[in-house]
Structure formats: structure tokens, C-alpha cells
Amino acid sequence: MLLRLSKRKCSNPCLPPGPWKLPIIGNIHHLGSCLPHQRLRELAKTYGPLMHLQLGELSVMVVSSPETAKEVMKTHDVNFSDRPYLFASSVICNGATNLTFAPYGDYWRRLRKICSMELLSPMRVQSFTSTREEEVLKFIKSISEHVGSPIDLSQRIFSLTYGITARVAFGKKCKHQESFIALVKEASAAASGFNVSDLYPSSTMLPLLTGFKAKLEKIRGRFEEITGNIIEEHQAKKGETNVGDVDEDLVDVLLRYQEHGDVQTFPLSIANIKAVILDIFSGGSETSSTAVEWAMSEMLKHPRILEKAQTEIREVVTRRGRVDGTCIQELVFLKLVIKETLRLHPPAPLLLPRESRERCEINGYEIPAKTKVIVNAWAIGRDPIWWKDPERFHPERFLSSSTDCYKGLNFEYIPFGGGRRVCPGMSFGLANVELPLIKLLYHFDWKLPDGMTSEDLDMNETSGVTVRRKANLNLIPTAYHPVPA
Ligand code: HEM
């Protein structure tokens, strides 16, 4: 039965509907072993676009329609601008000092300003262009050494994006880069929010008994050590780079801000700098690589689209006489492919959780203070009420969309979230999706290995904060246009 009980009138508001609950575990058993975003959409078909779940001790609202997402991210935006407490983040960052999990308030506002104005501003992103070009060229060259044989494209795409982020954050030669990347991968896996310690936050015993605390403390120890070394290395070479230098990396910018920025009202500590570095890596790497991986998968699944995108790129590059990120201005169809990829495969399908600061009402239902809110962007992007033929990969559907749909103002399409907590790394993230795709499609033709056809290509997802392909994408490149030596 479809319970679309929106705009309910009730003199004494009650919690939104949800499945029956068991003592102690509440609805944990309803999630089972399925992928959370998929299971939550199934449940929402029965209980409606605003659904209540009890996950252990946590009271959780699940939002599954654009109208309800608008209530959370626009009408009641301030009230839902907090993030819930996350055990992993609080241990690794020594008390949640990173931007992503900082509670809404002065500290978050100032850190966010540094991120948007100093680290991820359009000008700064522009200044990363040559770094990105160099890393993508290395990536393309390494693929060209394997033409004619199957390669694990997924693994190469993920290394590329981590490599770009590391170069941008730490500069050219950072000997701690590889160990830091390995650590971020471990930390991201621990911060899914569905760990049992997050579901029973009042229990101090659970993290001890499950070994979760010990594991996180080990991560924190290594995090402190590696970031400490990176910062010391940067302090030692202070004076070698100037404001606005092409060689200035994000750690340089943060150290400069620490010295000359708003030291009176917002002194930036070394702990803050370490936490922001973690934000940049955890927010910036897997998201972009997941998008590139899904875009290539969808194009391989739909050869007409692959051919159309390649024809467009090759025409534009031939006309301009160069293949670089600036081509994107003319690549109308590739931009549609990226939009459609982010609709069907938002890298963070459940966005990042929010928490209500005060009691409020949505659709006539009560949302108590301190309720965790999950917005299912994946389900919203496939809502048949808003999207015609929603499961079909059809980039042309965006031809008629007039507005800049990434900004989180159209709530039927929110791959970067919305409201005050909208992703601050959007332009950096998109640039890291566009250039690798342009080059992959320009330099090579692609086919599936072992005589597989597009119908055979498995499109299953795996679970995590970012949802990647379950099986890595193995493809055979053939050279179309030689890679410059
Ligand atoms: C395709 C690429 C990306 C996607 C799809 C993406 C998606 C998201 C989403 C869904 C959120 C949560 C928004 C909300 O709560 O409403 C978010 C937050 C965030 N993202 Fe991104 N992101 C991407 C790239 C990046 C990059 C490149 C960076 C930094 C280098 C970054 C840094 C962050 C940070 C720091 C937050 C937390 C903001 C806050 O809580 O105030 N993201 N991102």
C-alpha cells in the first residue's frame, strides 16, 4: 500500500509513519544486508516520502521525495544544518574539528569560509589546472602502454583522483603521500555512520568490546603522525613559495592563513589544519572517481552514447587543436552525460546525515529535536513522479533543463546536497570528472574484455558512504589518437 500521507492535518502531531519496531534494535533488522539506499527506497514506497525509523537508540527520519527534501534543505534549512555525532570522526579528528562533521555554528561557519574562499574558490580551482593536466597526462600515458590488453580502469581512476588531490593539497614531492592516501581510505570506511557504536551512542562499552575504538585510535595515531610530518615539511620550506605561486599548495595556504589570517577572531590551530586536510581528501577523492567510473560504465553499457560523446570530443579537439579542460565549454553532450551519471549514481547516495536542532513540523508530522535526517538523493533522482523513464540512462533528458542544476536549488536533483551544507568542492570535483573523461574518450576507443557485450556488463553497486561499482571496470583500450611523448 502506498502511503502518500503528505500535508497531513493533525492537531496533535505525531512521528511520521514507519515500519514496526522491535525492542532495543528498533528497525535495524529492516535494513538487513541490502544496500541502505536501495532498501530505504523500498521502505519509502510503503511508508511515504517522510518515514521514521528507529535504528538502535537513534531516531531517524528518511526523506525520499523532492518536496520533502526542500522542506529540510530550504524551508527549515537552519534547523537541519547540524550533523549528527559520529564516533569515528570524533576520535580521528580529536573531537569533530573537521568541517564535514562540525556542528552548525560559529566554528563551522568560519572553517567553511576558509574552505570556500581560500581553498576551493573558483580562482584557486583554476590555479590547480596545470597540476590536474600533468596528473591526467601521466594517467593517459600509463594506459597507452597497455593498448590492446585489459586494464583495471577503476583502480587507475581512483589512483588518479587521489593523486590529483595529494598534489593539490601537499605539493609536488611529498614522501608521505601514499601512506596518507591509504589512511584516508581506512578512515572513510570507518565513518559510514552505520557502525553499531554510532547506533548506540550512549554505550561506552560497545566501541571497546567491538574493538572499534582501538581501531580508530590506531588510525588517529597514524593520522597525527603523517599530517604532523607533512606540516613540518611545509613549515621547513616556508619562504620558498609566495602568495598566488603556482607551487603554492593547500597546506601552504592554510599555514599562511594561520599566520596572517583572522588570528584575532579565529585562530587556526594545527589540529584544525589537520582536520581540514582530511576533509579535502575524504570529500574530494572518492566522489569524483566514483563519478568517472560510473560515467565510463554507463557509456560502455550504451554504445550509442559512447560514440556520440567521442564524436563530439574529437570534433571539438580537432577544431581547437588541443585537448585540455577548457574544451568542456563546447562539450555540450559530455556535460549532459555527467549530469545524467550524477542523477543515476550520486556518489554519496544518502548525502551526509543532518540533525534537527529544535523540534519542528514537516508535512504535519512532528520532528523532535536531535533527530537524525537522511536524505535519499539516489531515490529522489529516480522518482518516477519527477523523472520520465527514471531507470534509463538518457543524457538528452537534461537538454531542456535551463538552470544550473548542480547548486541544490532543484530538489529533484541533489548530487551535491543543498542548503547551507551544500558541497563546497563542487567546481573542483567537476573539473576532476571532466578532464579525465575528455582524455579517456579522445585518446582511446574502448571495449569489454573476453568477448563480453554491453548487455553482459554488470552494473551492481557496493555499499559505503560513496557507492562504487561492485566489480571493478575492466576494459581494453585501443589507441585512437597517440598520446604525446
Ligand atoms: C563529484 C564530486 C563531489 C560530490 C558528488 C560531492 C557530494 C557532496 C555531498 C552530497 C555533500 C553533503 C551535502 C549536504 O549535506 O547537503 C558534500 C559535502 C562536502 N563536500 Fe563534497 N562532493 C564532491 C566533491 C568534493 C570535493 C572535490 C571536495 C573538496 C576538495 C568536497 C568537500 C566537501 C566537504 C568539506 C563537505 C562538507 C560540507 C559541510 O558540511 O559544510 N567535495 N559533498
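Which helix gives the most residues to the shell around the ligand? In this predicted model, that helix is H14, with four residues. The shell holds 27 residues, and those that come nearest to the ligand are Gly283, Gly284, Gly417, Gly425 and Gly429. By class, 15 residues of the shell are nonpolar, nine are polar and three are charged.

A contact between two helices comes next. Helix H12 spans residues 212-236 and helix H13 spans residues 250-260; their axes come within 10 Å and cross at roughly 75 degrees. Angles of 65 to 115 degrees count as roughly perpendicular, so H12 is roughly perpendicular to H13. On the H12 side, the contact is made by Ile230, Ile231, His234 and Gln235. On the H13 side, Val251, Asp252 and Leu255 take part. The residues of this contact comprise four nonpolar, two polar and one charged.

The model also has an open sheet of four strands, in the order S1-S2-S7-S4, with mixed pairing. Strand S1 (50-55) and strand S4 (354-355) are the edge strands, each pairing on one side only. Inside this order, strand S2 (residues 58-63) runs parallel to strand S7 (residues 372-375), and four bridges join the two. In one of these pairings, Met61 has Val373 in S7 as its bridge partner. Strands of a sheet pair through backbone hydrogen bonds, in either a parallel or an antiparallel manner.

Technical notes
Residues are numbered from 1 along each chain as its sequence is written. This is a predicted model: local features need pLDDT of at least 70, side-chain atom pairs count only at pLDDT 80 or more; totals for chains, interfaces and linings use all residues. Axes are lines fitted to C-alpha atoms, for helices over the stretch in contact, and angles run from 0 to 180 degrees between N-to-C directions. Angles under 35 degrees count as roughly parallel, over 145 as roughly antiparallel, 65 to 115 as roughly perpendicular and the rest as oblique. Two residues are in contact if their C-beta atoms, placed from the backbone, lie within 7 Å. Ala, Val, Leu, Ile, Met, Phe, Trp, Tyr, Cys and Pro count as nonpolar, Asp, Glu, Lys and Arg as charged, and the others, Gly among them, as polar. A residue is near a molecule or strand if its C-beta atom, placed from the backbone, lies within 6 Å of it. Two strands pair if DSSP finds at least two bridges between them.
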